[in-house]
Amino acid sequence: MRYPKLPLGCAVLLVLTPACTQIPESGWRPLWNGQDLAGWDMFMTNPDPSWNVPGLKRDEQGKYLEPIGLNKDPLHVFTVENIDGRPAIHVSGQGFGTITTKESFANFHLHLQVKWGEKKWGSKLNAPRDCGLLYFCHGELGFEHKTWPRSIEFQIQEHDMGDLYALATKVTVNARHEGRLWLYDPKAEPTVFEQKPPVGNRCVKLGDPEKPHGEWNTLDLICVGGDSIHVVNGVVVMRLHHAQRIDGATPAPLTAGQISLQTEGAEVFYRDIELRPVTAVPAEFAERP
């Protein structure tokens, strides 16, 4: 990793407390300690009926009636292992859920690496491998589909890395309609994405810079105000604007929130999860005239 450890108790957002004076010169800080999931909350939804999870209620057909819930992992979905000579969060993929930072962040540059494993589970056995990076998370865990928090999703799916899903939120992207899909197009008209017709909540990213299966992919997420940028292996694949929360009487600006990593039926590894505060888009990701 390219940063030293911060003193215990220090947290960086935009305003630093007096106790947090020893900031790395680069401004980067780890969001994961490389040892366990301290600082993160876990939420797992209702498991597949074929899996044995003691203590959960079932109906007469054997379907689970309740989620596994908060900070419980009877299936050992989230573990820490040494992968390729370095510590990583190993996500088995068995079931749907998230690990979510306890802290909230605004105006930041998030950097991490992700690599696919081999296993797939349940309803995802014959589907592309899938997970996601959720940001601007707010409200209760498991709100959307009784699984995800309200958030903006930086999709992580085979050959779809960087797609948008607006999860109980709304956000604007320059996009064009092609067939049944909306595609990011910097030259197209601004389009509002939310989970209702006629547009819906998904926008497909530009290009496919994902590396071959088995290699680590580098993801960067830049958020300034309510705007964000999805970057895959150094390539900007989408620019998003004016994120809004819709859990009140009227839509309101969405400029901060927690960060979540998904498990969604496929084995995946996450490592080098780090963040730095920013006040503007870094030059290497700025929009060119």
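1. Strands here are DSSP runs of E with at least two residues, numbered from the N terminus, and two strands pair if DSSP finds at least two bridges between them. Strand β8 covers residues 108-120 and β21 covers residues 266-277; 9 bridges join the two, which run antiparallel.

2. A word on the basis of these remarks: this is a predicted model, in which local features need pLDDT of at least 70 and side-chain atom pairs count only at pLDDT 80 or more, whereas totals for chains, interfaces and linings use all residues. Residues are numbered from 1 along each chain as its sequence is written, and side-chain values use heavy atoms, with hydrogens and water left out.

3. On confidence, pLDDT is the predictor's own score for each residue, from 0 to 100; the chain averages 91, and 91% of the residues score at least 70. Residues 1-25 stay under 50, although the model has 38 contacts for them beyond four places in sequence, a contact being heavy atoms within 4.5 Å. Where pLDDT is low, the predicted coordinates should not be read in detail.

4. Strand β8 is also joined to β16 by 7 bridges, again in an antiparallel arrangement, and within this pairing leucine 110 has leucine 221 as its bridge partner. The strand is mostly covered, since 10 of its 13 residues are buried, where buried means under 20% relative accessible area, exposed over 50% and partly exposed in between (1.4 Å probe, protein chains only).

5. Leucine 110 and Tyr270 are the residues with the most contacts inside the largest nonpolar core, which has 55 residues; such a core is a set of buried Ala, Val, Leu, Ile, Met, Phe, Trp, Tyr and Cys residues joined through side-chain atoms within 4.5 Å. Leaving aside neighbours within four places in sequence, the contacts of leucine 110 include Leu31, Leu133, Leu219, Ile259 and Ile273, and also the acidic residues Asp220 and Glu274.

6. Strand β16 (residues 217-224) continues the pairing to β17, to which 6 bridges join it in antiparallel fashion, with isoleucine 222 partnered by isoleucine 229. The hairpin of β16 and β17 has 2 residues between the strands, and glycine 225 takes a positive phi near 65° there.

7. Strand β17 (residues 227-232) is largely enclosed by the rest of the structure, because 5 of its 6 residues are buried. Towards β18 (residues 235-245) there are 5 bridges, with the two strands running antiparallel, and serine 228 stands opposite leucine 240. In the hairpin of β17 and β18, which has 2 residues between the strands, asparagine 233 takes a positive phi near 50°.

8. Which cysteine sulfur is nearest to that of cysteine 131? The structure holds 0 disulfides, a disulfide being a pair of cysteine sulfur atoms within 2.5 Å; for cysteine 131 the nearest cysteine sulfur is that of cysteine 137, 14 Å away. The sulfur of cysteine 137 is itself 10 Å from the closest one, in cysteine 223, and this is too far for a bond. Cysteine 131 is buried at a relative accessible area of 0%, and cysteine 137 is buried at 2%.

9. Threonine 45, in the loop between β2 (40-44) and β3 (69-70), counts as buried because its relative accessibility is 10%. A polar atom of its side chain lies 2.8 Å from the backbone oxygen of lysine 146. Not counting residues up to four places away in sequence, threonine 45 touches Pro67, Ile68, Phe96, Lys146 and Thr147.

Conventions: Helix = DSSP H or I, 4+ residues; strand = E, 2+ residues; numbered from the N terminus. Polar contact = N/O pair within 3.5 Å; in protein donor to acceptor, adjacent residues only side chain to side chain.
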